[in-house]
Amino acid sequence: MTRKSLAACLIVKNEETHLRDCLDSVRPFVDEIVVYDTGSTDATVEVAKLLGAKVVLGWWNDDFAAARNRALEHVGCDWVVSIDADELLEGNPSELRSQIDSFQNENLLSLTVRYKCADEIGGDYDSPVIRIFRRASSSWRGQIHEELIENEASHHAPRGLDFEVAHILDLSYQDAKSIAAKATRNIAICEKELATLVSSHAGDLDYYRLKLQLARSLIGANRSDDAIDALLEIKENLSEGIIWQIATEFLARIYLGRGYAEAVISLAQELRSASPYSQYADWLAAQAWVKLGGFEQAYRLVTPLSLLIDSQMHIYGTGRLEETKGLICGLSNRVDEAVDHLWSAIFDHGLASGNLGILFGLVRESHPGELDRLLKLAKDRFPEEFELISGQGKG
């Protein structure tokens, strides 16, 4: 097999805090690192040069795809891995290179991006994303939430990589303030592009696809009223398809947070009618039934669930599902089942916050002989949460 060269390619601005960790993570995988700077005013450029990257002093025109395409012009390798400064590349470098070397006609590789999100933002989830591609085959499209497209159709579906071979950790969703700042920037870009689409009489799907991106950014900027307006506009003008599905899910999440339980149940029914895959819709509806006091209905919906995947192909960890099952079982007086699910959520998946105290109460009620063992285990595994609960008890 002929050895194929691989480059990491980044667009950056004011990323001195994250850049070192990112470049250290990609270096074992690649032959070249290209950093395209769009106007940093901190030490980003100096850090990139110090770490051996080829640095290009570029510019920014509110277009992510254009910036990424300009960066690609400076890549000299056969293949490219696209990564951001607040992401890390992990896996097996030699196995990744071996697989790339074996490819004949493939152009695109999909790998798992694991989004490490703070609990108050919703917790971690995985998503398959095309991030590795043959340099000559593809380019970026879309001013915001850009995507890779093949310059000429290859008739080969993107090849998927096992998690152990290569995956990306996205660390950009751990701070609510930075999320809101990025969302505010994206709102301005979306609104500018929407105005362009209207004036050019672009196709309806392009318009509503961008309208969906605007709604997503409005949610991130904590402007949920405006997001609702955008989502309702999509639903009023589209009656099916992936854009409609994602908009319906976004709307259901907002309504769930506001306590509009009946509306969530109705939207979940719409989602079930549109797709044979209904687990995510059932999960939303179960939480809505809890808000209405319909614990038995919630239990019937949540019990069969084994995997949560939304319309964006976001795969949510089984820990969150175990947590939801445990809480609903507790509310419906199925104490043994609640203990089993919460035990798994806490000790198998690390979701102790907010759940440990509930588990203590359930075990004290149903299996008092097991309480001492649980307390010792919790103190060893989650000392901060344990101390917090103990302090509340003393108070």
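Start with the packing of helix α10: its buried residues pack against α8 (242-258), α9 (261-274), α11 (295-302), β12 (308-309), β13 (315-316) and α12 (318-331). Helices (H or I, at least four residues) and strands (E, at least two) are DSSP runs, numbered from the N terminus. Contact means heavy atoms within 4.5 Å. This is a predicted model, in which local features need pLDDT of at least 70 and side-chain atom pairs count only at pLDDT 80 or more, while totals for chains, interfaces and linings use all residues. Residues are numbered from 1 along each chain as its sequence is written, and side-chain values use heavy atoms, with hydrogens and water left out.

The buried residues of α10 are Gln279, Tyr280, Ala281, Asp282, Trp283, Leu284, Ala285, Ala286 and Ala288. Buried means under 20% relative accessible area, exposed over 50%, and partly exposed in between (1.4 Å probe, protein chains only). Does the length of α10 fit a helix, or what span should it have? Its 13 residues (279-291) should span 18 Å at 1.5 Å a residue, and the end C-alpha atoms are 19 Å apart, which agrees. The expected span is 1.5 Å times one less than the number of residues. Just after α10, Gly293 takes a positive phi of about 80°.

Now the rings. A search of the whole structure finds 13 aromatic pairs. Rings of Phe, Tyr and Trp (its six-membered ring) pair if their centres lie within 6.5 Å; planes under 30 degrees apart count as stacked, over 60 as edge-to-face and the rest as tilted. Tyr125 and Tyr316 form a tilted pair, at 5.6 Å centre to centre and 40° between the planes. This pair links distant parts of the chain: Tyr125 is in strand β7 and Tyr316 in strand β13, 191 residues apart. Both Tyr125 and Tyr316 are buried. Tyr280 and Trp283 are also tilted, because their ring centres are 5.6 Å apart and their planes lie at 40°. These two are 3 residues apart in helix α10, so about one helical turn separates them. Tyr280 has a relative accessible area of 4%, and Trp283 has 15%. Ring pairs join Tyr115, Tyr125, Tyr173, Tyr280, Trp283 and Tyr316 into a cluster.

Next, the core. The largest nonpolar core has 127 residues, and Leu10, Leu23, Ile33, Leu96 and Ile132 have the most contacts inside it. Such a core is a set of buried Ala, Val, Leu, Ile, Met, Phe, Trp, Tyr and Cys residues joined through side-chain atoms within 4.5 Å. Helix α8 gives the largest share of this core, 10 residues. Leu23 touches Leu10, Ile33, Val35, Ala48, Leu51 and Ala53, not counting residues up to four places away in sequence. Leu96 is one of the buried residues of helix α4 (93-102). Among the elements covering the buried residues of α4 are β1 (6-12), β4 (79-82) and β6 (108-115).

Finish at Glu32, in strand β2 (residues 32-37). Is Glu32 buried or exposed? Glu32 is buried, with a relative accessible area of 15%. Its side chain reaches the backbone nitrogen of Gly76 at 3.1 Å. Leaving aside neighbours within four places in sequence, Glu32 is in contact with residues including Leu6, Lys54, His74 and Gly76.

Technical notes: A polar contact is a pair of N or O atoms within 3.5 Å; within protein, one must be able to donate a hydrogen and the other to accept it, and residues adjacent in sequence count only if both atoms are side-chain atoms.
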